[in-house]
Structures are given as structure tokens and as C-alpha cells.
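Keep the sequence and the model side by side while reading.

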Amino acid sequence: MSPKDNFVLPDLPENPSRRNFFKSGAAAVTLTLAPGITVMAFGGTAASAAGADAGKRWGLLIDVNKCAKDCTACVTACKDENGWAGYGDPEQNSQWIRKVTMRNKATGHETEMPVMCQHCEDPPCVDVCPTGASFKRVDGIVLVDKHTCIGCRYCMMACPFKARSFVHEPVNNQKPHAPRGQGTVESCTLCVHRVDKGQIPACVEACDATGHGAMVFGDLNDPASDISKALASYPSVALRPDLDLNPGVRYANL
Amino acid sequence: MKRLLTIVSLLFAVLALPVVAQDSGWRYGPTLSEASGDPHPEGNEYMRKFHMELMKHDRDMTLRDGEREIDASLKQCFDCHTVKDERTGDPVTYDDERHFCRTCHDFVSVKVDCFTCHRSTPEGFNEPSPLHARLLDLGASPEFEMVESFITSLETSSDQ
Amino acid sequence: MERTLYREINATQGVWTLAVIMVGLVAIAGWSVLYVEHHGHAVTGMNNQIVWGLPHVFAIILIVAASGALNVASMASVFDRTAYKPLSRLSGILAIALLLGGLLVLVLDLGRPDRLLIAMTTFNFSSIFTWNVLLYIGFMGIVAVYLWVQMDRSVHPKYVKPIGIVAFVWRLILTTGTGSIFGWLVARPGYDAALMAPLFISLSFSLGLAVFLLVLIALYRLDDRLIGDEIVARLSHLLGIFVAAAMYFAVLQHVTNLYAAEHAGFERFILFEGGVITTLFWWGQIALGGLLPLALIFGKLPTNVPSRAIVASMLVILGAFAQLYVIIIGGQAYPFEIFPGYEVTSSFFDGAIVSYSPSFYELALGVGGVAVAMLATGVAVKVLRILPTNLADKKS
């Protein structure tokens, strides 16, 4: 249940001349509830103006073969987009996305790939959050509601991917679309502010710009989307498949 | 009993002061900085009373439902309500007591919890680092340095 | 039959001295909390690898001890061991006080302790944390009723047993909840085991009784009241059995892990290569906290009963601290196994064993929690009729 369900907006004074200045009345609520049963469920990657769409499930496919060694374009782009470059201790700084180098113990083969919030279908962080601040949107994006996060860090204990960070110091000069602050937990938002506007996440855009094209973003529920076609045509894995969390982020050629 | 009555009536007199003052034309309360742009159609009294309800409601819609076609966002407050420093011409942050939100909130002693996570100036302005972070980095005051060195000495002795 | 008279303790100089020390420790803790809240957790030793640190070790040790401290009362009213009846009031008071101290530490270490109200009003019922919040509050309420039923002469004694049973069952569920905070975490190799719940319960039995024994003897000595060797020897013997049980579960935990190849790396870390963690495990938890108390109690090493009980209790508390440090810090210091079969490196310490050095603030907060618990117990026995005036052995 979202908090808006039991919210009663105070009455406006008589005849406000700009009535729809706040679209927070009953009309907007109907708008967000309605799209789940409209044709917008089959809209490719274009997001609807009415917000998160229950018919979609956003996901990422990362082709490990195409991910270039020593390329950190996705990490830099995420830092710039969301403003999480910390100024403290590297052990205490946040990392929404990181490049992981893996060496096969048996063969010595090395690969690199980005790891971020895997946007699980059954996210352990959401299960363990005592206040419900950790939540999953209807379109599968897992977020932290920093308005109700008390900073207990239980989600960080529960996340199998080490995707979450705790903000250890006072912060300011945040990006307007990516609020973050002392004493709360944060993680990759799949650039939800861009996705809601029909754009792709900053990391994917940066990866495309380098020409590597190792990241594909799209709707996993839409069989016609690039990501679904790619997933159907060649093998891919989820991290920690043993946990059966069904992450929205998949890795190919791992 | 008589003393109690005196105290109570004095208390009432003090409470009535602002009302009397308001009648005589002098408005009791903080001095608000001038805003630019069109006034709120709902009226200032309405906004003063319900701005938090509006923002709180819309923040949940934005965050939880991804509804971004909302005009009542916190960042839009700064379109009209940014206070600029007269000398530098830069917008003041929430650390500054002239900040628009602080003029009223300091006056009524109500804590604003927005700016621990949200920026308190319009997009594009490069906010200086917060006061306590600066203290932590530079050890600006002698008292602070004293406390710091005391803690460090305790820490090093406990490490061994 | 002799009647047991319960009386408030006298404000001796010793009592006052201890109270002043405790208030001082609480004040230092309060200052530390404000300091950390102002500057953020950047000033602590905790980081994005070790997300739960020393405050959590203290908080959990207090919470586990709280449920264990109630056992003496349970023994009297649930299992009809009348010898423990005169001690059940202190048992209840200590349980509430320790829980209070533990919760305070937990809450004050939050990133946003100012949002406690949110934690108390916004619940997510799929979270074991939420259930624990309710279990803790319920525990305090039930134990308060339990105390009232015992202390109010106008309440018929027949109610003591049913409420005692409710309290006993509740405390078992509560410790199950505390253990499950770790037991239900699938993410980390050191946790994710149903065994965590019984392990925590067994630990609560030994730790709770050790704390109870120490507090009991200390209060009697402070107020120059008599406490007989017989009751102390009985409690010590019981402590020995509980220590053995706690060791059994700890051994079982590690042997089970050793059997599974996937946990071999984690066990190698804890048992052999973990540095401080390994030292704490073998010396703290096993040798000083387990074997030595057993030798003292069953080998009847110091001939003097009270000193044997005091030394054994202190060692058990030390051992429990070591055990929880190994579980909480050790469990986080060992890297995640996101990519089994690979050697992993990254800028975010993937695949690396991380170290933790607690700061003064964390220690001060933890010690402050213990001080709150002791202070609350002290105030309670000073203003309420908790302690029997005489616990000397009956002359035969």
C-alpha cells in the first residue's frame, strides 16, 4: 500500500485560478492507477507520462565479452549523473556501480564487468527493511525511500550483491533528481528519473558512446524489446542464481 | 491564590500581546524575503499552512509511483524563493539563516528535514560544503581541535 | 517456615560511587552519540564493508543477556524450583534493564536516530526487525506484569505461574528473533543458518545467568546483606550446564560448516587465518569463555564458592562478547561469494577480507548501554522491594 492511499488533501480555497498547479488531487491518482490496464503496457522502451507502469519490468543485460578492460565509462557516467562521488575514506564512500575484475581460479582467465543493484524480483533488502523504506516499484525498480529510511543498514547486511552504500558524512550540492543524505542508505536507481521520462540509464548511454555497447536496457516483459530478443537468442545468467531472486540485471558470456 | 491569579493574568497578557500588536498595524512574525514570479493561486495563507502536506503528498507519488508530471516539487520552490547574498549574488544555502525556508522555520522552531538529502539552492549553483563538514576537514575552531586531539589520543591509547 | 522479606537496598557509599560512575559513562555515551550524529558515521570505524560494528555487538549482547536474565524467574515459577523464588524479582528487573540498555544502543547507532518515531509507526511485517521491535516491547510489558503479579500482595499467587509461562515462551521467541536477524540472511556465508536461533538461545541461557550472578553478588556485597554459598553454588552449577550447552551449539555450527566445501573458505578464515577474529574465537570464546569456566565450576577450582562464581561469570561474559564479535564482525569481514569459483577484485573491496578498528565513540556508546542497564537496575532495587533481606543458607 502506498502512503498516498490514506492521504486526504486539505481543501483548496474557493475557485483557485490555477487549479491544476498541484496535480495531486483525485485525478492524478486515477491516472496512475489506470495505465496498468491500458495499451501502454506494450510500449517498447518509451515510458508513459503517468509514471511507473505495472505492465513493464525494466532490466539490464550486460555482455561481459564486450565490456572493455580498464574502461570505467559507466561508473563515471553514474557518478556524474547521480552525484555520489564521495570525499571521504574509500572504505566509507558510496559505490552505486563498480567494475569487478574476475579471475577464474582454474583457468586463469580474466574478465571485467560492472556490478550494481540487480533490481531483484524478490529483493532481500525489501524483505528485511523494518520501515518499508526499501521498496520495489511496480515496474521492478528497487529504490530506497530516504524519507522513511532510519539508517539501520539491515538491507546492506541482506543484499547478496553488496549493492548498497550508507552515506557516512553530511552531503550537499546533490543533483535535484538524485537526493542523498547523511545517515541513509542508497543504491543504483536504474536512473529512474530518466526512465520515467522515456530515456535510458546514464551508464548504458555512456557505454554506447564508447562504442563497446556492452549494456542493453529495456523492458523484460516486452518480447519485442532489444533486451528480450537478446536474452532469447543467447545464453545469460543472473548473479547468485542459487538464491532464485530473479534479478532484473543479467550477464551474458560470463 | 492571589499570587497564582496574578501569574495567570500576566501570562494571558503576554499571550495577547501579538494580537494587540497586529491590530495596531505592526505584524508579529518573521520578515519574509521578496519572491519573484506569479503568486500562488491558492493564496499565501493556504500555502503557509499546507505547503508540507502538498509536497509530502507529491513526493510519495513521485518516488513510489514515478509520477513526475507534478508541479509541486521541492526544487520548484527555488524558482521563486531563492534568497541571494547581496555581496556575492550567489543563492544562500540552508546553512545560512537568510534561507527562505529558515526565516519562518527558525522563528517557529520547527526542524526542516528536507535539506539533509535535497539541495537547498537552484540547480546549477555549486553549493559550498556544509559547515560541519568544513569543521571536520579543517578543524576550524580551537575548541574543536582540542576535542579532536583528545579523542585521537584516546583512540591511539585504546588501539594498543 | 521462614518468610522472605523483600526490602530496598540502602544508599551506601559504594552504591553512590557506582551510581556516579554509571552516570558519567552514560554522559560520555550521550556526547558520543551527538558527535556521531552531527558528523555522520564517517567518524566511526564502521564503513560500507563492516556496516554493523561494536555498537551492535554491545546491543546484541545486552538483548541476549536480557532474555537470559529472566531464566531465574522462569525456573521458580514455570519449573517450580522454589529455591529460586526469592530471586525472581531481581531476575525480572534485570531483564527489563538489560533490554532497555541494548535497545538504546541499537537505536542511537541508527543513521537517523531522530527518526525513531518512523520506526515505531511504519512497519514492514516481512522484516524480522519489525517483529523484533514488537517482541522487545511486548517482553518489557509482559515482564512488568509478571513483576507486578509477584510483588502486589493483593494479587493471588495463582496468577504467577501462567504469566511466568507466557514470559518464558515469549523470551524463547524473542531470542529466536534475535538469532534470526542473522540466521535469515541468505546473502553472507557466515550467516544463513537456522542454527542461529538455538545458538542464540543457548548463549542467552549462559550469558544471562552469568550477568545475573554477578549483579546479585555485587548488590549483596554493596549493601552488606548475607548470601549463602548454597544458592550461589546451585546457580554456578546451572551456569556450567548452560555454558556446556552454548559450546555444543557453537561447535555444531562450525563442524556443520566445515563439512560443506562451500563454507570451507569462511571456516578457514574464522578458525585459522582471521587474525583478531581467530584469536577471539579460540582464546575468547572457546578457552576463556568456555573451557575455563567449565573447569572452574565442575573442577571446583577456587575452593571459595563466591569467588568461583564471580570469576566464572566474568569469563562467560567475556566469552559471549568474543562469540558475538566473531559472529557479527567476522561474518562481515569475510567477503561475499557473489561469484563462486572466481578470484574477485574491485574498487569496492569485492573478494577482499576487510578489517575493522572501532572508534572511541562506538566503544563509549556500547559501554553507555551497559551503564544504563546497571543504573536502571540500581534505581529499581533502591526504590522497589526487589531483593530479599537475607539469602543466607538455612541452618540445618
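Two strands count as paired if DSSP finds at least two bridges between them. Strands (E, at least two residues) and helices (H or I, at least four residues) are DSSP runs, numbered from the N terminus. This is a predicted model, in which local features need pLDDT of at least 70, side-chain atom pairs count only at pLDDT 80 or more, and totals for chains, interfaces and linings use all residues. Residues are numbered from 1 along each chain as its sequence is written, chains are lettered from A and ligands numbered from 1 in the order in which they are written, and side-chain values use heavy atoms, with hydrogens and water left out.

**A sheet within chain A**

Start with β1(A), residues 58-63, and β10(A), residues 249-252. They pair in the parallel sense over four bridges. Leu61(A) stands opposite Arg250(A) in β10(A). Both strands belong to an open sheet of four strands, ordered β8-β1-β10-β9 in chain A, with mixed pairing. Its edge strands are β8 (215-219) and β9 (236-237) of chain A, and each pairs on one side only.

The table gives their contacts (heavy atoms within 4.5 Å). Axes are lines fitted to C-alpha atoms, for helices over the stretch in contact, and angles run from 0 to 180 degrees between N-to-C directions.

| Helix of chain A | Strands of chain A touched | Angle with the direction of β8(A) |
|---|---|---|
| α6 (residues 202-210) | β1 and β8 | about 135° |
| α7 (residues 226-233) | β1, β8, β9 and β10 | about 115° |

A second open sheet crosses between chains. It has three strands in the order β3(A)-β2(A)-β3(C), with antiparallel pairing. β3 of chain A and β3 of chain C stand at the edges with a single partner strand each, so one side of each has no neighbour in the sheet. The twist averages 30° from one strand to the next. Helix α2 of chain A (residues 73-82) packs on this sheet, touching β2 and β3 of chain A; its direction makes about 160° with that of β2(A).

The cross-chain pairing joins β2(A) to β3(C), residues 342-346, over five antiparallel bridges. Here Arg103(A) stands opposite Glu343(C). Within chain A, the side chains of Glu112(A) and Lys99(A) form a salt bridge (2.9 Å, N to O). That pair links β3(A) to β2(A), 13 residues apart. A salt bridge here is a side-chain nitrogen of Lys or Arg within 4 Å of a carboxyl oxygen of Asp or Glu.

**The interface of chains A and C**

How much area do chain A and chain C bury between them? About 4500 Å², with 55% of it on carbon and sulfur atoms. Buried area is the accessible area (1.4 Å probe) that two parts lose on being put together, summed over both. The contact takes 51 residues from chain A and 53 from chain C. Tyr154(A), Met157(A) and Lys162(A) supply 18% of the area that chain A buries there, more than any other three residues.

Three salt bridges cross this interface. One salt bridge joins the side chains of Asp350(C) and Arg98(A) (2.4 Å, N to O). Several elements of chain A each supply at least two residues to its side of the contact, among them β2 (97-104), β3 (110-116) and α4 (154-158). The largest share, seven residues, comes from β2(A).
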